[in-house]
Amino acid sequence: GGSGGGAAYFGKYGIINASDFHSNTKIKSTFERWLSEIKGIPDFNGPKYELMEYFKEYAEDYNTATMPHMKYYDYEKWEME
């Protein structure tokens, strides 16, 4: 598939997977921001497997560099700039 402009490529902002959800607090907080703003779920309190389904979707957009906004790669960094 052709991506507009060709600026986005796989791994442009890094590669994340399910283990990052547990080990990387920066990724986790940015994911929660995405869940709140993109999915409209500010306080997810459903089952863990469902949360990980959302995280898989998030990771896919992250890994393919197709997030709708820069802040969903590193929210803290974006906020400071």
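## Glu37 and its partners

Glu37 is partly exposed, at 35% relative accessibility. Partly exposed sits between buried, under 20% relative accessible area, and exposed, over 50% (1.4 Å probe, protein chains only). Glu37 forms a salt bridge with Arg33, with the closest N and O atoms 3.5 Å apart. A salt bridge here is a side-chain nitrogen of Lys or Arg within 4 Å of a carboxyl oxygen of Asp or Glu. Arg33 is also partly exposed, with a relative accessible area of 33%.

Glu37 and Arg33 are four residues apart in helix H2, so about one helical turn separates them. Helices are DSSP runs (H or I, at least four residues), strands likewise (E, at least two), and both are numbered from the N terminus. Arg33 and Glu37 also belong to a salt-bridge network with Lys71.

## About the model

This is a predicted model, in which local features need pLDDT of at least 70, side-chain atom pairs count only at pLDDT 80 or more, and totals for chains, interfaces and linings use all residues. Residues are numbered from 1 along each chain as its sequence is written, and side-chain values use heavy atoms, leaving out hydrogens and water.

Side chains of opposite charge can pair when their charged atoms come close. The whole structure holds seven salt bridges. One of them joins Lys28 to Glu32, with the closest N and O atoms 3.1 Å apart. Lys28 and Glu32 lie four residues apart in helix H2 (residues 25–37), so they are separated by about one helical turn. Lys28 is partly exposed at 29% relative accessibility. Glu32 is partly exposed at 39%.

Glu57 and Lys39 meet in a salt bridge too, at 2.6 Å from N to O. This pair links distant parts of the chain, 18 residues apart. Glu57 is in helix H3 (residues 48–63), while Lys39 is in the loop between H2 and H3. Glu57 has 35% relative accessibility and counts as partly exposed. Lys39 is partly exposed as well, with a relative accessible area of 31%.

## Helix H1

Asp20 is found in helix H1 (residues 18–23). Asp20 is buried yet has no salt bridge. The nearest side chain of opposite charge, Lys26, is 9.9 Å away. Asp20 touches Ile15 and Ile27, not counting residues up to four places away in sequence. Contact means heavy atoms within 4.5 Å.

Ala18 is in helix H1 too. Its relative accessible area is 42%, so Ala18 is partly exposed. Beyond its neighbours within four places in sequence, Ala18 is in contact with Met52 and Phe55. Lys77 is 59 residues from Ala18 along the chain, and their C-alpha atoms are separated by 22 Å.

## The whole chain

The chain has four helices and zero strands. From the N terminus on, its elements run α-α-α-α. The radius of gyration is 13 Å, close to the 12 Å that the globule rule gives for 81 residues, so the chain is as compact as a globular protein of that length. That radius is taken over C-alpha atoms, and the rule is 2.2 Å times the number of residues to the power 0.38. Along its principal axes the C-alpha trace spans about 40 × 30 × 25 Å.

Of the 81 residues, 28% count as buried. Among contacts between residues at least 6 apart in sequence, 63% join residues at least 24 apart.

Notes: Lys and Arg count as positive and Asp and Glu as negative; His and the chain ends are not counted.
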